[in-house]
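Here is a short report on one protein model. Look over the sequence and the structure before reading on.

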Amino acid sequence: MTQLEFTSKQGKQYTVKAPNPSTQFNAAYVFAFAKSGSTLLENMLVTYCQMHKLPQFSIFDVAFNQGIGTAEIAEDVRELIEQDGRIYSGFRHFPAFDLNVKNKKTVLLTRDPRDMLVSMYYSILKSHAIPKANKSLGKQRELTGMRSIDEDVLQRAKGYLNQFNRYQKMLEGSALKSYRYEDVIYKKQDWFADVLNHLGLPVNLNTVKILTKRFDIIPSTEKESEHIRQVHPGNYLKKLKPETIQQLNTILLPFLTTYGYELTPKAIIG
């Protein structure tokens, strides 16, 4: 285990413990958008790596648990997370510094941004665990409670577009494989095995089956105060006003068209 001290952009120190690198594979990276199924993927990957003693590590999660916002992570961690021999996961946006992933195996999990915005609203307002040291997130919950869901998603939409643009720029040149939440959420076993294979990890199908069963949770009814609120795609059609959806379609057009999301979906699933 490697233990290092780092300093956030705001000057706050935090401690990082990373598993020793392996000589069996190069660095590989797992990226996602917040509320794209990122926690599901992270939980499955972390558990799999623990069961098979593979060196996986998330700088975002380690920092967040010590009250460091992910946007506050400074470039002093770069040398650590560019080392070969580890799987670096838990990224809900590309780091604020220019991490070099050229020619590295990368995974990106995306989702209809309109659904992600709705999910983010409920997460911040009701279900997201907020570390005591993270005053910024606590303030976000307070502000979110003062807005309607339509106001909130419009407020956050450009943030998702900015994240999309940065991913497009920074993942170019990597050995990238993208997955859409809508295509994999009902096919977790095949999807997760494919993720492992792309990252260059050994694929134990028995473990994949065990983890799929453990994490294949689909609530029978919507649970607004829980992390797994509802799973089915198209929920934004139930939650947002038509005029809000139209505005989102305009703001998020590059994101929607790049990943093949319809501007006028035919039906709600679930």
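How many salt bridges does the count come to? A salt bridge here is a side-chain nitrogen of Lys or Arg within 4 Å of a carboxyl oxygen of Asp or Glu. By this rule the count comes to 11.

## About the model

This is a predicted model, where local features need pLDDT of at least 70, side-chain atom pairs count only at pLDDT 80 or more, and totals for chains, interfaces and linings use all residues. Residues are numbered from 1 along each chain as its sequence is written, and side-chain values use heavy atoms, leaving out hydrogens and water.

## Salt bridges

Side chains of opposite charge can pair when their charged atoms come close. Take D98 and R166, whose closest N and O atoms are 3.2 Å apart. D98 lies in the loop between β5 and β6 (105–110), and R166 in helix α6 (residues 149–170), so the pair ties together parts that are 68 residues apart in sequence. D98 is partly exposed, at 45% relative accessibility. (Buried means under 20% relative accessible area, exposed over 50%, partly exposed in between, with a 1.4 Å probe and protein chains only.)

R156 and D152 also form a salt bridge, at 2.9 Å between the closest N and O atoms. Both lie in α6, 4 residues apart, about one turn of the helix. Elsewhere, E75, R78 and E82 are linked in a network of salt bridges. Within it, E75 meets R78 at 3.1 Å, N to O.

## Strands β1 and β2

Helices (H or I, at least four residues) and strands (E, at least two) are DSSP runs, numbered from the N terminus. Strands β1 (residues 2–7) and β2 run antiparallel, joined by 6 bridges. Two strands pair if DSSP finds at least two bridges between them. F6 has Y14 as its bridge partner in β2. The hairpin has 5 residues between the strands, and G11 takes a positive phi near 85° there.

In a regular strand the side chains alternate between the two faces of the sheet. In β2 (residues 13–18), Y14, V16 and A18 form the covered face. Q13, T15 and K17 form the uncovered one.

## Helix α1

Which span should α1 have, at 1.5 Å a residue? The expected span is 1.5 Å times one less than the number of residues. For the 14 residues of α1 that gives 20 Å, and the end C-alpha atoms are 20 Å apart, which agrees. Buried residues in α1 include L41, M44 and L45. Just after α1, K53 takes a positive phi of about 55°.
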